[in-house]
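Here is a short report on the fold and on a few local details. Start with one residue, then step back to the whole.

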Amino acid sequence: MTTRGVLYVHSAPRAMCPHVEWAVAGVLGLRVQLDWTKQPASPGTWRSEFSWRGEAGTASKLASALRGWQMLRFEVTAEPSPTAEGERYSATPELGIFHAVTGLHGDILVPEDRLRAALARSLTGESRLEAEVAKLLGKPWDDELEPFRYAGEGAPVRWLHQVV
């Protein structure tokens, strides 16, 4: 079963751009050439968006291929399919990688055991429940990536719609 998704490279140094393309091509098994534009939120870096189609699990393979690269900020999303939930991966150099399962409408689905663990940490005084829930929802990653998400002047804008 196939799914589709989007790779958002929010910021990458120019020298890293071809390596990102090679990593994505290695996962997808086809030649990839991304359209790179300057990232105004971080001078000297570049941004790109790439829509992909692949088997369920492709988003995790893309995130794994790109994780750990210093100075690379990215997100990978995958739509739900009849056999798999959707996914979202967010990565920053400072925070590392965040993974969430997403439902049909893009909502983050938090597994019961992760909620129980967050509650347990808050009850023992290890952390506040509010902070634990924020981490489960990826708020620290969203806060850091939000300035990079804006397309900036001159970036391509893709309008997605379906005509019936």
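Leaving aside its neighbours within four places in sequence, which residues is S127 in contact with? They are R121, S122 and E132, where contact means heavy atoms within 4.5 Å. This is a predicted model, in which local features need pLDDT of at least 70 and side-chain atom pairs count only at pLDDT 80 or more, while totals for chains, interfaces and linings use all residues. Residues are numbered from 1 along each chain as its sequence is written, and side-chain values use heavy atoms, with hydrogens and water left out.

S127 lies in the loop between helix 3 and helix 4. P93 is 34 residues from S127 along the chain, and their C-alpha atoms are separated by 23 Å.

**Overall fold**

The protein has 5 helices and 7 strands. Both are DSSP runs numbered from the N terminus: helices are H or I with at least four residues, strands are E with at least two. Along the sequence the pattern reads β-α-β-β-α-β-β-β-β-α-α-α. The C-alpha atoms fill a box of roughly 50 × 40 × 30 Å, taken along the principal axes.

The 7 strands form an open sheet in the order 2-3-1-4-5-6-7, with antiparallel pairing. Its edge strands are strand 2 (37-38) and strand 7 (108-109), each pairing on one side only. Two strands pair if DSSP finds at least two bridges between them. Strand 2 and strand 3 (residues 45-55) pair in the antiparallel sense over 2 bridges. K38 has W46 of strand 3 as its bridge partner. Helix 5 (residues 139-149) packs on the sheet and touches several strands, among them strand 1 (2-13) and strand 4 (73-78). The direction of helix 5 makes about 80° with that of strand 5 (86-92).

**Two helix pairs**

Two packed helices are described by the angle between their axes and the distance between the axes. Axes are lines fitted to C-alpha atoms, for helices over the stretch in contact, and angles run from 0 to 180 degrees between N-to-C directions.

| Helices | Angle | Axis distance |
|---|---|---|
| Helix 1 (residues 17-28) and helix 2 (residues 58-66) | about 145° | 9 Å |
| Helix 3 (residues 112-123) and helix 4 (residues 129-136) | roughly 155° | within 8 Å |

Helix 3 is therefore roughly antiparallel to helix 4, a label for angles over 145 degrees. The contact of helix 3 with helix 4 includes L115, A118 and L119 of helix 3 and L129 and L136 of helix 4. Its residues divide into 5 nonpolar, 1 polar and 3 charged. Ala, Val, Leu, Ile, Met, Phe, Trp, Tyr, Cys and Pro count as nonpolar, Asp, Glu, Lys and Arg as charged, and the others, Gly among them, as polar.

Helix 1 meets helix 2 through residues including V20, V24 and V27 of helix 1 and L62, A65 and L66 of helix 2. That contact divides into 8 nonpolar, 1 polar and 1 charged.

**A backbone detail**

M71 sits in the loop between helix 2 and strand 4. M71 is not a glycine, yet has a positive phi of about 70°. Most residues other than glycine have a negative phi.

Note on methods
Parallel < 35°, antiparallel > 145°, perpendicular 65-115°, else oblique.
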